[in-house]
Amino acid sequence: MSSIRGVFFCPGVVLEWSREQSVRCERRSRNGLSACWPLCSEAVVCGGAPRAWAFWFSSRGGEPCGSRRLWLNLLPFPFLPILMSQAILQQHSSEKPVVVLLGGPGSGKGTHGQALAKSLGYRHLSTGTHFRDHILRETSLGRQAKEFIKAGQLVPDEVTNKLVQTMLGDGGSASGFVLDGYPRSVDQAEALDVMVPLLECVVTQSLYLVVSEEEMVRRLSGRLTCRACGQSFHETSRPPVLEGVCDACGGELFRRADDEPATIRQRVAVFQQVIRPLLEFYRGTGRLLEVAAEGPVEEVTARVIKAAAMVHNR
Ligand SMILES: Nc1ncnc2c1ncn2[C@@H]1O[C@H](COP(=O)(O)OP(=O)(O)O)[C@@H](O)[C@H]1O
Ligand SMILES: [Zn+2]
């Protein structure tokens, strides 16, 4: 069983996270490591990080660590996923980190993803942008994806997985990636975890941008996108200085074909169907952090950057 070891919760306590997703906790005594089974047995039995986390609070299983457990109970909620992500990064220090952005259509993955990539010095990769580029260039991949995108449906996994593999493989000199728009299902998330070691990458963290359904629809309904750099604007809440022109690069702004009302509703419905299991997948592997993503753009961007910086700024 391969495992990641060496996350120090507090002096003397080591959390171990295995690829099989079980979590166990050991107590380091002066004369070496001795297992702290009462603390961890519940976690090992149920075999999942989120339950292990719940276990800290449940206070079942005795008082093996005494005051330490009390201290663990007082930790803020995001502490565990941050530690998990740090541990993954430490264990895979020679691989390129991949931060996954999760969120519905219009949740701001593009805007915050670009800002996050810039702040970490990583490359921002968006499956939606790459698909649109393929469609514009009329490549065979573009032809395969076009009808699905127009209908607000997901492009089939064989096509999408191939695209992502190429995007990451072409990453060249990038020191890491912010992946926006992928994975969008548990199958894709599993495919990503299988694909990344072959590309010398590792998925360290997923950030879920939490936005209500009404807000998503509102944002998409007036969205204008830059053809050159992908930057998003909004007709009323974030208009460009010059009508039809991107503030950032001077490129032409256009309304995406899938930003029409019927397609927007379809995309939001598809998102609601797939998001829950996907969140469970990343929560279950200790890599999920939720970020409140309504409110002023700058504030949300700052929250996203902070969540990733705690793990990736080495
Ligand atoms: N991971 C993916 N799996 C399947 N289809 C995808 C994926 N990423 C993008 N697409 C397709 O591209 C469309 C646009 O994606 P994107 O630009 O991320 O927009 P949004 O998230 O705002 O809907 C999606 O509606 C879907 O048809
Ligand atoms: Zn632009």
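Student: Which residues does Q153 touch, not counting residues up to four places away in sequence?

Tutor: This is a predicted model, and the answer refers to its coordinates. Q153 lies in the loop between α7 (140-150) and α8 (157-169). Leaving out residues up to four places away in sequence, Q153 touches F148 and V270.

Student: Is Q153 buried or exposed, or does it fall in between?

Tutor: A residue needs 20 or more other C-beta atoms within 10 Å to be buried, and 12 or fewer to be exposed. Q153 has 14 C-beta neighbours inside 10 Å, so Q153 counts as partly exposed.

Student: Which residues is V270 in contact with, leaving aside its neighbours within four places in sequence?

Tutor: V270 is found in helix α11 (residues 261-284). With 18 C-beta neighbours inside 10 Å, V270 counts as partly exposed. Leaving aside its neighbours within four places in sequence, its contacts are G152, Q153 and L154.

Student: Why do the UniProt "binding site" positions not all gather at one spot?

Tutor: The unreviewed UniProt entry places this feature at positions including T127, R132, Q153, L154, G181 and R267. The positions span 141 residues in sequence. They do not all gather at one spot, because the farthest two C-alpha atoms are apart by 24.5 Å.

Student: Which helix gives the most to the shell around ligand 1?

Tutor: The shell has 18 residues, of which P105, T127, G128, L154 and G181 come nearest to the ligand. By class, 7 are nonpolar, 8 polar and 3 charged. Both α6 and α7 supply at least two residues each. The helix that gives the most, with 3 residues, is α6.

Student: Which residues have the most contacts inside the largest nonpolar core?

Tutor: In soluble globular proteins, nonpolar side chains tend to be buried together. The largest nonpolar core here has 47 residues, and a second, separate core of 5 residues includes L224, C226, F233 and L253. Leaving aside neighbours within four places in sequence, L207 is in contact with residues including V99, L101, L289 and A308. The residues with the most contacts inside the largest core are V99, L179 and L207.

Technical notes. Residues numbered from 1 in each chain as written. Chains lettered and ligands numbered in written order. Predicted model: local features only at pLDDT ≥ 70, side-chain atom pairs only at ≥ 80, totals over all residues. Core = buried A, V, L, I, M, F, W, Y, C linked by C-beta atoms within 7 Å. Contact = placed C-beta atoms within 7 Å. UniProt positions renumbered as here; feature names shortened; annotations may be inferred. Helix = DSSP H or I, 4+ residues; strand = E, 2+ residues; numbered from the N terminus. Near = placed C-beta within 6 Å. Nonpolar A, V, L, I, M, F, W, Y, C, P; charged D, E, K, R; others polar.
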